[in-house]
Amino acid sequence: MTDISKDQVRHVAHLARLAVSEEEVDRMTKQLGDIIHYAELLNELDTTGVEPTTHVLDLKNVMRKDEPRKWITREDALKNAPDQKDGQFKVPTILE
Amino acid sequence: MTVFDYTLEQLQAKLHSKEVTVTDLVQASFDRIDEVEDEVKSFLTLNKEQALEKAKQLDENMPEKTNPLYGIPAGIKDNIVTKGLRTTCASQFLSNFDDPLYDATVMEKLNKEQAVVIGKLNMDEFAMGSTTENSGYYDTRNPWNTDYVPGGSSGGSAASVAAGEVFYSLGSDTGGSIRQPASFCGVVGLKPTYGLVSRFGLVAFASSLDQIGPLTRTVEDNAYVLQAIAGHDNMDSTSANVDVPNYHDALKDGVKGLKIAVPKEYLSSQEGIQPEVREKVEAALEVFKSLGATVDEVSLPHSKYAVAAYYLLASSEASANLARFDGIRYGQRAENAENLIDLFKKSRSEGFGDEVKRRIMLGTFALSSGYYDAYYKKAQQVRTLIKQDFDKVFEDYDVIIGPTSPTPAYKIGEKIDDPLTMYADDVLTIPVNLAGVPGMSLPCGFSKDNHLPIGLQIIAKHFDEKTIYRAAYAYEQATEHHKERPNLGGAK
């Protein structure tokens, strides 16, 4: 049985790009642990040789023609942006 | 009797005989919303000005022949993108997403039918939940008793139809999110076969499971709405390229000779099925027998593993899908971020609610290095076994029938603090999504104590919605449950 540690919860939160308070770490350690324990019910089943299902329909490599077409304008694309400058999305400094 | 007691066909007749106008219908929707919305809270955003303007245009330009949705007021779940109309997914992250740039394919199709959008409906945030208590705004209440949950995640979609605020609505169903609220609110809700309805413009939760579907008062209306939204779409690469049959034609074929399978797991107290729910389903099966159908007990032996497999798979897909909410292009943006990663983290943590964070965390864990095979791949293999259970039963049977939910609606606040128990209640709806087959919930009675609706679930093979409609219509016509109305806001 896998137990989840607080450090693991902090690591997963970082991977998921979530900021978590210590109180949330405590709570999530307990809740995720419970859910993971419950999910280990699946280990009762021998799935050796069973193909995983990623998708229920038998569709493969659906392609369309690679042709330019009209879509939204730059102005439209920026319409809902929280911050912008010179027709571009503005983000905090990435490189010093 | 109010206009809300008429079917889509009857309403079209009344529009043509000039007994009512589109404006009357749209005004009736907003009047009813004024009357009951304080109690029910189905809506997040109303579209009044535009809806009345459109009604006027439709009245002025009414053609000689109209399709069933012409001028009919509809509600849309708030995870379906509507051009120029605020779309929040009931998340604070999108509270200022006031001006979406395009319409979902289902909206283009409804617009083509000249439907009138009354507003956007409340839901569990990003469709994660079973009660609508995970909305980032407020709880929606069950119209039959406002101390009770309407179900979820399409709680607003079910409650608005049950309360007579709209004539039909669209919801989405990833693990039961159309069928379970339809069951709790006493309406007809269909989750179509995966791939039948385009997901383009449906804000993705779990892409391999999500489907949009209709919630209506009657089976016939449901068939008409599905007809309008079904079909192949180049904008959704998982859209199935199949011919869409005429669903209405199938309604009146009757159920003589229909072969019904009843999974013993779906009536078992081990899965938490309440005796009263079991009784109503058994009574419904007697109705089917009296109409000439045959009923046999079968087994879906992997049912008990479905909930665990689902929460791993759906959460994994959600953790990837919700990565797009970064605080840069739209939505919530934190102040005072020190750097880019900090901006992502702060914006997401401020904008997402607890259940959404929990599922993103679970999914990220299941996909993370060292755990992928043990959890994610294992769950995908179990998904195969569950799908095979259905394939096997459908070799010999036309439909599978059981309850939609183990219980009627429960009280607001009763289960929200215990995620695992709430997840377990989805045991009867989740397998249908994992297998990708279509399923419907329709009313089959009421609980004795509180007079809360109980839902019957009808499941068929891939792309065989016709048989579901045929069975559901025969049952509905032989019973009276769909004629009952909640006692709300004075007018029945």
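Biologist: How many residue pairs are in polar contact between chain A and chain B?

Modeller: The count is 21, with both residues at pLDDT 80 or more. Keep in mind that this is a predicted model.

Biologist: And how many salt bridges between chain A and chain B?

Modeller: There are 4 salt bridges between the two chains. One pairs the side chains of Lys79(A) and Asp99(B), at 3.2 Å from N to O.

Biologist: Which helices of chain A supply at least two residues each to the side that touches chain B?

Modeller: H1 (6–15), H2 (22–39) and H3 (74–78) of chain A each do. H2(A) gives the largest share, 10 residues.

Biologist: What is that side of chain A like by class?

Modeller: It has 32 nonpolar, 10 polar and 12 charged residues.

Biologist: How much area do chain A and chain B bury between them?

Modeller: About 5,400 Å², and 70% of that is on carbon and sulfur atoms. Leu42(A), Val56(A) and Asn80(A) supply 12% of what chain A buries against chain B, more than any other three residues.

Biologist: How many residues of each chain are in contact?

Modeller: 54 of chain A, with 67 of chain B.

Biologist: New topic. At what angle do H9(B) and H16(B) pack?

Modeller: About 100°, with the axes 10 Å apart. H9 covers residues 275–290 and H16 covers 465–478. The two helices are therefore roughly perpendicular.

Biologist: Which residues make the contact?

Modeller: H9(B) brings Ala284(B), Val287(B) and Phe288(B). H16(B) brings Ala471(B), Tyr475(B) and Ala478(B). By class, that contact has 6 nonpolar residues, no polar and no charged ones.

How values were computed
Residues numbered from 1 in each chain as written. Chains lettered and ligands numbered in written order. Heavy atoms only, no water. Axes fitted to C-alpha atoms, helices over the stretch in contact; angles between N-to-C directions. Helix = DSSP H or I, 4+ residues; strand = E, 2+ residues; numbered from the N terminus. Parallel < 35°, antiparallel > 145°, perpendicular 65-115°, else oblique. Contact = heavy atoms within 4.5 Å. Nonpolar A, V, L, I, M, F, W, Y, C, P; charged D, E, K, R; others polar. Buried area = accessible area lost by both parts, 1.4 Å probe. Polar contact = N/O pair within 3.5 Å; in protein donor to acceptor, adjacent residues only side chain to side chain.
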